[in-house]
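I opened this model to look up a few local sites first, then the sheets, then the chain as a whole. My entries follow in that order.

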Amino acid sequence: MSVPFLDLKAINLSQGDELEAAFKRVLQSGWYILGGETAAFEAAFAAYCRSRHAIGVANGLDAIFLILKACGIGPGDEVIVPSNTFIATWLAVSDCGATPVPVEPSADGFNIDPARVAAAITPRTRAILPVHLYGQTADMDPLQALATQHGLKLIEDAAQAHGALYRGRVAGQLGDAAAFSFYPGKNLGALGDGGAVTTSDDALAERIRTLRNYGSRVKYYNEVQGYNSRLDELQAALLSVKLPGLDADNARRRAIAAIYQRELAGVDGLALPRVPEWAEPVWHVYVVRHARRDALAKALAEQGIGTIVHYPVPPHLQPAYAHLGYRRGDFPLAEAIHDEVLSLPMGPTMTAEQALEVAAAVRGFCAA
């Protein structure tokens, strides 16, 4: 049985008629930027995230960047980020002129460790930027306590966590603001790039709306030096088609993850993701760890099973951040994770039979 890592074609064709109707509606409207489709999606996504505002932007990186800029963060400031994350989290900080300060994950998980965050706070720290990596929320309450204690902004990188719950609260309302990506492979994916910011801070929302549109609230009148980062009408319309099915898609992902958790429990040499009692992940990806990760990936590929490494090189060891002077060994937990992680097939169109096939192949490799 061939099992793709993620079957985007099947996902989108399952709503093909509705997506085509949305495309035709936008085509016939004659209005393609910041119109009714974007406003309707923003209202629906804000309601889904239990936030007062959602602001559609061009992509997830811009979403983080615009939050930071709207918070006045810039040169001379520090922002605490995970050592274990996709590089976009760091890039948004750097693009503002601020300095990313990496903090390791918890020893038994993938997300930033609140206990280590406290030690990283300095007089220059302006914000804490946790990532809800792989679709599971960071431990937000202790991070909020630290932010409140030190007068810091708490900003969620929720790019992989559409619909994820933390103590019953949905990602997107767990800090001062949250950044989402609608890259096609996300749980809520567009048919191109897209992103959004959610917040219940009225003033912050207004600043972000202004910044995303050339620094303008009234056309051709520019209050500040802004940017061009707008979710277009077509992607907004397509996302409006897909949003009502997000919870059902996430439930399907949870069912596939449950099969993996059951079928791979106790397999020698394989570490499964740990889910704290306060978390309800949406399994953007299902990530295992194995000391012979590359050999496992090769063995699965030979059986027609797709996998991806999320991610092979941590940000502090990327050439883009060589100027910060970090070396291998500086963040050993993140480095070990990046050396060992492998994402197994996961998606809302996967069948139980496919999940069982993947699990059997993994068990076979580990037994050999």
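**Entry 1: serine 216**

I started at serine 216, which sits in strand 10, residues 216–218. Strands here are DSSP runs of E with at least two residues, helices are runs of H or I with at least four residues, and both are numbered from the N terminus. The model is predicted, so I note the limits: local features need pLDDT of at least 70, side-chain atom pairs count only at pLDDT 80 or more, and totals for chains, interfaces and linings use all residues. Residues are numbered from 1 along each chain as its sequence is written, and side-chain values use heavy atoms, with hydrogens and water left out.

Is serine 216 buried or exposed? Serine 216 is buried, at a relative accessible area of 6%. Buried means under 20% relative accessible area, exposed over 50%, and partly exposed in between, with a 1.4 Å probe and protein chains only.

The serine 216 side chain reaches the backbone oxygen of tyrosine 221 at 3.0 Å. A polar contact is a pair of N or O atoms within 3.5 Å; within protein, one must be able to donate a hydrogen and the other to accept it, and residues adjacent in sequence count only if both atoms are side-chain atoms. Leaving aside neighbours within four places in sequence, serine 216 is in contact with Thr210, Tyr221 and Asn222. Contact means heavy atoms within 4.5 Å.

**Entry 2: glycine 185**

Next I went to the loop between strand 8 and strand 9, where glycine 185 lies. Glycine 185 is buried, with a relative accessible area of 13%. What touches glycine 185, leaving aside its neighbours within four places in sequence? I found Leu6, Leu8, Arg253 and His284 in contact with glycine 185.

I traced an open sheet of 7 strands with mixed pairing, in the order 1-9-8-5-4-2-3. Two strands pair if DSSP finds at least two bridges between them. Strand 1 (53–57) and strand 3 (99–103) are the edges; each has a single partner strand, so one side of each lacks a neighbour in the sheet. From one strand to the next, the twist averages 25 degrees. Axes are lines fitted to C-alpha atoms, for helices over the stretch in contact, and angles run from 0 to 180 degrees between N-to-C directions.

Strand 1 and strand 9 (residues 195–199) run antiparallel and are joined by 5 bridges. There, glycine 56 stands opposite alanine 196 of strand 9. Helix 3 (residues 36–48) lies across strand 1, strand 8 (177–181) and strand 9, at about 130 degrees to strand 1. Helix 4 (residues 60–70) also packs on the sheet, and its direction makes about 160 degrees with that of strand 8.

I took a second look at strand 8. How many of its 5 residues are buried? The count is 5 of 5. Ala177, Ala179 and Ser181 are buried on one side, Ala178 and Phe180 on the other. Strand 8 runs parallel to strand 5, with 3 bridges, and antiparallel to strand 9, with 4 bridges. Alanine 179 is the bridge partner of aspartate 157, and valine 197 in strand 9 is the bridge partner of alanine 179.

**Entry 3: helix 9**

I checked cover on helix 9 (residues 233–242) and found 8 of its 10 residues buried. Among them are Ala236, Leu239 and Val241. The buried residues of helix 9 pack against helix 1 (8–13), helix 2 (16–29), helix 3 and helix 10 (246–263). At the start of helix 9, a side-chain oxygen of aspartate 232 comes to within 2.9 Å of the backbone nitrogen of leucine 234.

I found an open antiparallel sheet of 3 strands, ordered 12-14-15. Strand 12 (270–271) and strand 15 (341–344) are its edge strands, each pairing on one side only. Strand 14 (residues 286–290) is joined to strand 15 by 4 bridges. Valine 288 has leucine 342 in strand 15 as its bridge partner.

**Entry 4: the chain**

The chain holds 13 helices and 15 strands. Buried residues make up 55% of its 368 residues.
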